[in-house]
Amino acid sequence: MAGKTALLVLAHQEKTSFNYAMNDVALQTLKQRGWNVLESDLYAQKFKSTLSRDDIKGKLKDPNHFKYAVETTLAWKEGRLSRDIVEEQKKIEAADLVIFQFPMYWFGLPSLLKGWVERVFTSGFAYSLQEMYSNGPFTNKKAMLSFTTGASESAFSPKGMHGDINAVLWPIQNGILNFCGFQVLPPQISYAVSHIPQEARTEMLENWKKRLENIWEEKPIQYIPVQDFDLPDCTLKKEIIEANSESRYGITVGQHLGKALPVDSQVKSTDTKL
Ligand SMILES: Cc1cc2nc3c(=O)[nH]c(=O)nc-3n(C[C@H](O)[C@H](O)[C@H](O)COP(=O)(O)OP(=O)(O)OC[C@H]3O[C@@H](n4cnc5c(N)ncnc54)[C@H](O)[C@@H]3O)c2cc1C
């Protein structure tokens, strides 16, 4: 993969953790395959995860009523975002592939990583009213989640105690990655890492290494393109709903049309265009 660049965004506080081991496998394997690898080790960097006036250099447009989105959009256009945000944005610009490695906390991203998304994916840089979803700025880039859980795969099944993992993934994979235009690769989920035998964890690391060897060839998860929605109300076009009228399943986890959720649509890619 000479010429391709990957960015590894890691959110774990402990170097002996399984998340660090997964990140290390990605670092070593991608390098061996000729990738140029950039890293954002968020705890090690002591990355600031809260939004504040300090994120903007120079004069604010309205210091009496600070509006984060307004001020950061302007600051992005005028090159006045704080240095730590700009450094992360430069890494994303350089990356063809972004891998997020983290432990699931409270059904989502650890707050440090969520804060990184909130501060780094500023309006203008990562999205705008004109550029979102299939028209987003990152359509030529791929992104994927690699995360560990405390709970088992069965607990995250459609009849499991925690509910269908596809529903859990929708806000992150659709609401963040697809929203900014990334081609979203199926996630790498390491279930119940603290509760399984050592050999099972070793096997997880080996499977991750195998997958990474040809990661660039993988097909992304399908989402509905923006042109299938009517504006300004942002709802599916009549013909798209009609074309799906006979199906037992909704089109996506979000656009389910009141039907059953499509099976495993957030954990596997398909060749079928939506
Ligand atoms: C605030 C909070 C909220 C949470 N919310 C959720 C939730 O909503 N849903 C959920 O399912 N879970 C949740 N959890 C659990 C959390 O997701 C798990 O604790 C986490 O995913 C475990 O990953 P780790 O890297 O921290 O594991 P670690 O504890 O670091 O590692 C697990 C095991 O792997 C071993 N290991 C490390 N390196 C290697 C290696 N190279 N080879 C083999 N073994 C190795 C370690 O020694 C350890 O025995 C939550 C936890 C916290 C703290």
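Strand E3 (residues 97–103) is mostly covered, with seven of its seven residues buried, where buried means under 20% relative accessible area with a 1.4 Å probe and protein chains only, and where strands are DSSP runs of at least two residues and helices runs of at least four, numbered from the N terminus. This is a predicted model, in which local features need pLDDT of at least 70 and side-chain atom pairs count only at pLDDT 80 or more, while totals for chains, interfaces and linings use all residues. Residues are numbered from 1 along each chain as its sequence is written, and side-chain values use heavy atoms, without hydrogens and water.

In a regular strand the side chains alternate between the two faces of the sheet. In E3, Leu97, Ile99, Gln101 and Pro103 lie on one side and Val98, Phe100 and Phe102 on the other, and all are buried.

Which strands pair with E3, given that pairing requires at least two DSSP bridges? Strand E1 (residues 5–10) runs parallel to E3 and is joined to it by five bridges, with leucine 10 having glutamine 101 as its bridge partner. Strand E4 (residues 142–148) is also parallel to E3, through seven bridges, and here phenylalanine 102 stands opposite phenylalanine 147.

E3, helix H4 (residues 111–120) and E4 form a right-handed β-α-β unit, meaning that, with the strands pointing away from the viewer, the path from the first strand over the helix to the second runs clockwise.

In total, the protein chain has seven helices and eight strands, and buried residues make up 50% of its 274 residues.

Definitions and conventions:
Two strands pair if DSSP finds at least two bridges between them.
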